[in-house]
Amino acid sequence: RSVYDGEEHGRFMEKLEARIRNHDREIEKMCNFHYQGFVDSITELLKVRGEAQKLKNQVTDTNRKLQNEGKELIIAMEELKQCRLQQRNISATVDKLTLCLPVLEMYSKLREQMKSKRHYPALKTLEHLEHTYLPQVSHYRFCKIMVDNIPKLREEIKEVSMSDLKDFLESIRKHSDKIGETAMKQAQQQRNLDNIVSQHPRISGGKKSKKEVCASSDLEVKNTSPMSEQDSGILDVEDEDEDEEVPGAQDLVDFSPVYRCLHIYSVLGARETFENYYRKQRRKQARLVLQPPSNMHETLDGYRKYFNQIVGFFVVEDHILHTTQGLVNRAYIDELWEMALSKTIAALRTHSSYCSDPSLVLDLKNLIVLFADTLQGYGFPVNQLFDMLLEIQDQYSETLLKKWSGVFRHILDSDNYSPIPVTNEEVYKKIVGQFPFQDAELEKQPFPKKFPFSEFVPKVYNQIKEFIYACLKFSEDLHLSSTEVDDMIRKSTNLLLTRTLSNCLQNVIKRKNVGLTELVQIIINTTHLEKSCKFLEEFITNITNVLPETVHTTKLYGTTTFKDARHAAEEEIYTNLNQKIDQFLQLADYDWMAMEPGSKASDYLVDLIGFLRSTFAVFTHLPGDVDVHSTMSGKVAQTACMSACKHLSTSLMQLLLEAEVRQLTLGALQQFNLDVEECER
């Protein structure tokens, strides 16, 4: 700025020029000092250029050779590179396949299990597939298809397992009578075994008890894997011989369909749905089982099949209760049993009322006892059944009374009403064995001789004993005390005596054309039957082991029955005699206007007295012991004689006092007097 501002441009330029010249001189000096080196360097460079050219040519030649030689290597390297790439791809593919193959194998296994109907294992496979394998390969398209199919497969498994359950339920319904029959056979075997053991306490071992059999069969069923491929509801079992071991009821049934279906629904979170369905279906089946056939009362097989089905139903339910947790519970079983008990008792009351055959009623009672014992063995309360059996016992008694009414009628109608003749000791002992009769006088008499009573006495006595036996048969296995059994037998026997036998005797006594001989024989027979009542008392005491002195023991009314029959026979004798007297009196033909009496008594009166004489001879020549003769002949004959005399005197008086007799002569009165004197004589 100072140069430009001042006026010294020229001076400055001069100074500058001088400075440049100084620098040029210094450069020149320096160059002159280094020139030779520069020339040498240029010379060296020129030499190097030639050498460099040679080197360049060598390098170019070597490069060409190297390029020619390296082409193969490059190709090999490219191939190596490609191989390495393929190797990496293969390795990656193997890794991916290692993940995918188990998925595909599991899916294939799932399909195979579905095809072979192994639904529970299929469900387990599905669980593994969904939660373990598919998440590792979820980005593949085929996996997405599988994931979409899983709900459908689950639904399919549910439907198929439910179908198996339905088949099982249908099979159980059809075969419940077979299951029940087996269970009842088993209970019968156990009862027979208990009876043998009670009679021979030392005997042990032998057949397994019902509980043991049930326990072993439970284990067998529990050990049945739910993965079993056998879905049949009922296993075939041939009918066993009576001597062979009856298979346990549960051994007949394959419960695996129920277990599988329960497991499947539990895994699928639908257990409650399954439980509700199962219980609903079994309730429906229970109602069907409890519906008795309309003709059940006609044969014992009808009742047996009905009971078998009920037992079979509850055996299955009891087993399900003990082998599954919560599928059915005790409350549900108790509710079903209450319904079954009420319906069964109602059906038995209705159908048993149609039965008029005592042997069928007895068989039915035995069947009901077996039915009750079988279910009691499975823990079901059966007291109501035994209470109902006491009702059936009354009906049984009625059917027995009807049957014995026919038996007594036949005995009385076919009797000859004459003393039983005995020709030898064997026959004598046979009759004494049939009827409790002792008479020292008769024993001393030589053969042939006669018992005082006719054949209907031992026959009636034995039939009364048969009736008592029949009553006793019904009381067996009813869990009654000996006092209750004794009371039941005595009441039924009293009805037999006071109603059935009494009516039969009265009908015989009252029938038309009954002879005086027959009536007298009936009096003798009833006297002996009356005496035999104490032996009937002893007979009942012996079979029930209840002493007659026991406070509540009912007494037999046989004495009254036979006394009433005897009195009726006596009255019939008196009535018959009077009727005969009336018949003779109708033949009386007095001439009330006769002037002279006859020389003898009237013919009709002579005939009447002859008839009475022969009639009273029947009383006075009765065979038999002294007691019977004195009491019967004495009392009946005297009463009959008094009755006949009184009736005759009254009737003769009536003849005199008849309104038609307006007047009579002394001759007629004298004739009448002759007749009265004949009567007195």
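**Notebook: pocket, patch and salt bridges**

I began with the largest pocket, which holds about 460 Å³ of space. For the record, this is a predicted model, where local features need pLDDT of at least 70, side-chain atom pairs count only at pLDDT 80 or more, and totals for chains, interfaces and linings use all residues. Residues are numbered from 1 along each chain as its sequence is written, and side-chain values use heavy atoms, with hydrogens and water left out.

**Entry 1: the pocket**

A note on terms: on a 1 Å grid over the protein atoms alone, a pocket is an open set of points where a 1.4 Å probe fits, with protein on both sides within 12 Å along at least five of seven lines, and lining residues have an atom within 4 Å of a point. The volume is the space filled by probe spheres set on the points, which are joined across faces, edges and corners.

Which residues lie nearest the centre of the largest pocket? I found Ile609, Cys645, Leu648, Cys679 and Glu680 there, out of 17 lining residues. Helix 19 (603–620), helix 20 (626–657) and helix 21 (666–680) each supply at least two residues of that lining; helices here are DSSP runs of H or I, at least four residues, numbered from the N terminus. Helix 20 gives the most, with seven residues. By type, I noted twelve nonpolar, one polar and four charged residues in the lining (Ala, Val, Leu, Ile, Met, Phe, Trp, Tyr, Cys and Pro count as nonpolar, Asp, Glu, Lys and Arg as charged, the others, Gly among them, as polar).

**Entry 2: salt bridges**

I looked for a side-chain nitrogen of Lys or Arg within 4 Å of a carboxyl oxygen of Asp or Glu. The whole structure has 20 such salt bridges.

Glu51 and Lys54 meet at 3.9 Å, N to O. They are about one helical turn apart, because three residues separate their positions in helix 2.

Glu170 and Arg173 pair at 2.9 Å, N to O, and both lie in helix 4 (residues 141–199), three residues apart.

Glu678 and Arg681 form a salt bridge at 2.2 Å, N to O. Arg681 counts as exposed, at 74% relative accessibility. I also noted a salt-bridge network linking Asp61, Arg64 and Lys65.

Note on methods: Buried < 20%, exposed > 50% of the residue type's maximum accessible area, 1.4 Å probe, protein only.
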